Amino acid sequence: MVGVAGLLAGIAAVWVASFGSFRPPLIPGTPVALLVGWSFIASGLASWRTRPENWLGPAMVGTGFLWFASLLQQAQGPVLFTIGEIFQISYLAGFLYVVLSFPSGRLWGALDRALVLVTVGLVTVVQLAWMVFAQTRAFICDTCAANLLEITDNAVVAHAVLQFQRTAGLAVMIATIGLLAARLLRASRPQRRAAIPVLGAGLVAAIVLFISITAAVLNAPSQLNLTRIAGYALAVVPVAVLVAFAQRRLARGVVAGLVVELGAPASALDLREALSRALGDPSLTLGYWFAAESRFVDSAGQPVDLPGPDAERQSTVVERDGQPIAVLIHDPALEHNAGLVDSVCAAAGLTLENERLQAELRARLAELQASRARLIEATEAERRRIERDLHDGTQQRLVSIAMSLGLLESRLPADTGQARPLVIQTREALTAALAELRELTQGIHPTILTERGLPAALDELCRRASLPATVHAVVDGRLPDRIESAAYFFVSEGLANAAKHSYATQVRVTASSASGSLTVTVHDDGIGGASAQGGTGLRGLADRVEALGGRFSLSSPPGQGTDLSAEFPCG
Amino acid sequence: MRVVVADDAVILREGLARLLTETGFEVVGLAGDADELLDQVERYKPDVAIVDIRMPPTHTDEGLRAAKTIRERHPEVGILVLSQHVHAGYAIELLTAGTLGVGYLLKERVSDLTELAASVRRVGSGGSVLDPVVVSQLVDRRRVDDPLAGLTAREREVLALMAEGRSNRAIAERLFVTEHTIEKHVKNIFETLRLASSPDDHRRVLAVVTFLGAR
């Protein structure tokens, strides 16, 4: 309906105007005049239909009608002529609103609002004020119809009003040019991609208008040509809006491409990459919902932080059946294209859910690994504490009792008979108890490991082994406590295992550290056939190695000895 | 004989001082950590410093390190290290680093006053003392192609007592044989192990301990 009205209004205006050839045409010829008005109305309608809540559509349609109304200044009849004069430059207010409020249809800044308000005032109140004083012949043209609004012919006042209108118009144009230029420079990549046609066209039109008003103020002879060029520049604006509109359509096509891409085998797919391509935001971050901890994690299971309310990034949470599955952290410009984000999220939903499950699994694994390592470390710390307590407490007390017994023995009179053997017996029993306690504390935590490091401790271990054992250890400096400890107990268990089951004649132990890892091996020349299955000590050995993120390996072919090896990360 | 005692546990430090006084030593200084010990050795120049291996601040092997420092600054001061753990490696380190008068004993040896007094005297007069438990760990170590396999049981016994730092006469007394018999055993042992024999007790200990520790 509005479209038909616009079509007819254009034809009518041009028809009326074409008869008013008494004055030099202000407009840049019939085709361009129609193009400007119709393109405003058409692209306004298109925008209005897809986004009814956005004021941009109605504003553009209105601007189109105002444009046609301004063509009436060419009319012969005084009524139509006067209407045309009233609306002579009113479309400029519409133009300004469209350019400044694109793409949201809202004027966010105080300066934007002020500019539009001032312009509305200039093209309505000031325009009417001028017409009250302006006589047609003096101010418009000799052959034009009469200005029906003229009350008194006062050339001085009319001239002053006109100069004021033009000067204020210049100021508005300068501010607009500055504003648009700043906006273009500041825009992030996705923002720029969306806004560049409209901002660019607006900027060009504003510059041309600025030049043409300047020419009018200076009364330059080229005034008419400039007005024509300004007309062309204006026509570009709705075309630019249409282009931006088409871009959005193209983005929809991108979603179709995304769907095809998501069909690829999961292993070949980088979901974040695909989504960031589809959304045109290379800085896109993807997080998956980790329900167990109510937070988002990345594909490696590491936590992802959501941007705060004032941050320069925005987040869109993707839900499925009311449950969050993922979050897209993206450029705020995408907010203006919520439709695209929604379509992309919908298209990627199933894949996202899939990836989420995998990310959750990885996060759980990472957590499990960390908790195993923490357990080992806690056990290790506890062993140290117990060893220390035994050393500082029980052992010292027993030694001091042994001293007292020694003293007692020395002070016994020579003729005590049976007392002396009893004291000696007690003393020897105490010494035996201390020896047992010593073995026990060494088994809990070998002090030499803390004091001298792994090679010395392995040396001591092999010295005491019940099989001939040799050590070859090349370790750079000290390693983390938990690693030294794990390596020590690995060798200790390995030696015990060889002594118990292998019937070996000798064992060879090696330890070497290189590029952030420690490799420890225990090799015997026994009967082989050992297995980490079935509740042997070897299973526990493997568990401890793996709990610290290490790799355990066992090679034990029958008749060819047993090779135990553990590789620990110690970065 | 003048002695300095270093142990961070008051109860053991005081107890040890009392035992030593009882057995005729003059305890000239008591120290609670390595720094104090070094100060007192500097000041009193004792014949022997008796040092607990584990002392503040780290409670690891401060005693051992202090012992080495004393060795460097005052080689004439005998050092007897007491340990609650059997670390043959430490003992060998200590013995091979020094020239005269060093000992390594387990702490519980303090209950046998006679043995303790003998050990302190031996260290004070430039001899060596190695705890029997450490020695047996060295002697009994399992080896491939064990060089000690060529020794008789008696010779092994003599070897162990030699490693403990005892003189031929002391070994003879202990085994209820004549000193001459022990001399014969020692000669055999040195030949079997292909060690150069030495009349000096300390060098003898050093040779034996180095031999045992190396394999």
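Modeller: Let's start with strand β1 (residues 285-290) of chain A, which runs antiparallel to β2(A) and is joined to it by 3 bridges. Strands here are DSSP runs of E, at least two residues long, and helices are runs of H or I, at least four long, numbered from the N terminus. Two strands pair if DSSP finds at least two bridges between them. This is a predicted model, where local features need pLDDT of at least 70, side-chain atom pairs count only at pLDDT 80 or more, and totals for chains, interfaces and linings use all residues. Residues are numbered from 1 along each chain as its sequence is written, and chains are lettered from A and ligands numbered from 1 in the order in which they are written.

Biologist: Which residue is the bridge partner of A:F290 in β2(A)?

Modeller: That's A:R295.

Biologist: And what order do the strands of that open sheet take?

Modeller: β2-β1-β4-β3 in chain A, 4 strands with antiparallel pairing. β2 (295-297) and β3 (314-320) of chain A are the edge strands, each pairing on one side only. On average, neighbouring strands are turned by 30 degrees against each other, direction ignored; axes are lines fitted to C-alpha atoms, for helices over the stretch in contact, with angles from 0 to 180 degrees between N-to-C directions.

Biologist: What about chain B, is its open sheet parallel or antiparallel?

Modeller: Parallel, with 6 strands ordered β2-β1-β3-β4-β5-β6. In chain B, β2 (26-31) and β6 (128-130) have a single partner strand each, so one side of each has no neighbour in the sheet. The twist there averages 20 degrees from one strand to the next. Strand β5 (residues 102-106) of chain B pairs with β6(B) over 3 bridges, and B:Y104 has B:L130 as its bridge partner.

Biologist: Back to chain A. Where is confidence lowest?

Modeller: In helix α1 (residues 2-19) of chain A, with a mean pLDDT of 68, while strand β7 (residues 517-524) of chain A is highest at 94. pLDDT is the predictor's confidence in each residue, from 0 to 100. Chain A averages 82, and 88% of the residues score at least 70.

Biologist: Which strands pair with β7(A)?

Modeller: Strand β6 (residues 507-514) of chain A pairs with β7(A) in the antiparallel sense over 8 bridges, and A:V509 stands opposite A:V522. Those two strands form a hairpin with 2 residues between them, and A:S515 in the turn has a positive phi of about 40 degrees. Strand β9 (residues 562-569) of chain A also pairs antiparallel with β7(A), over 8 bridges, with A:D524 opposite A:T562.

Biologist: Which residues make up the covered face of β7(A)?

Modeller: A:L518, A:V520, A:V522 and A:D524; the uncovered face has A:S517, A:T519, A:T521 and A:H523.

Biologist: New topic: how many residues does each chain bring to the contact?

Modeller: Chain A brings 32 residues and chain B 27, where two residues are in contact if their C-beta atoms, placed from the backbone, lie within 7 Å. α12 (338-411), α13 (419-444), α14 (447-452) and α15 (454-464) of chain A each supply at least two residues of chain A's side. The largest share, 12 residues, comes from α12(A).

Biologist: Last one: is A:I151 buried or exposed?

Modeller: Exposed, because A:I151 has 9 C-beta neighbours inside 10 Å. The cut-offs within 10 Å are 20 or more other C-beta atoms for buried, 12 or fewer for exposed, and partly exposed in between, with C-beta atoms placed from the backbone. A:I151 lies in the loop between α7 (136-139) and α8 of chain A.
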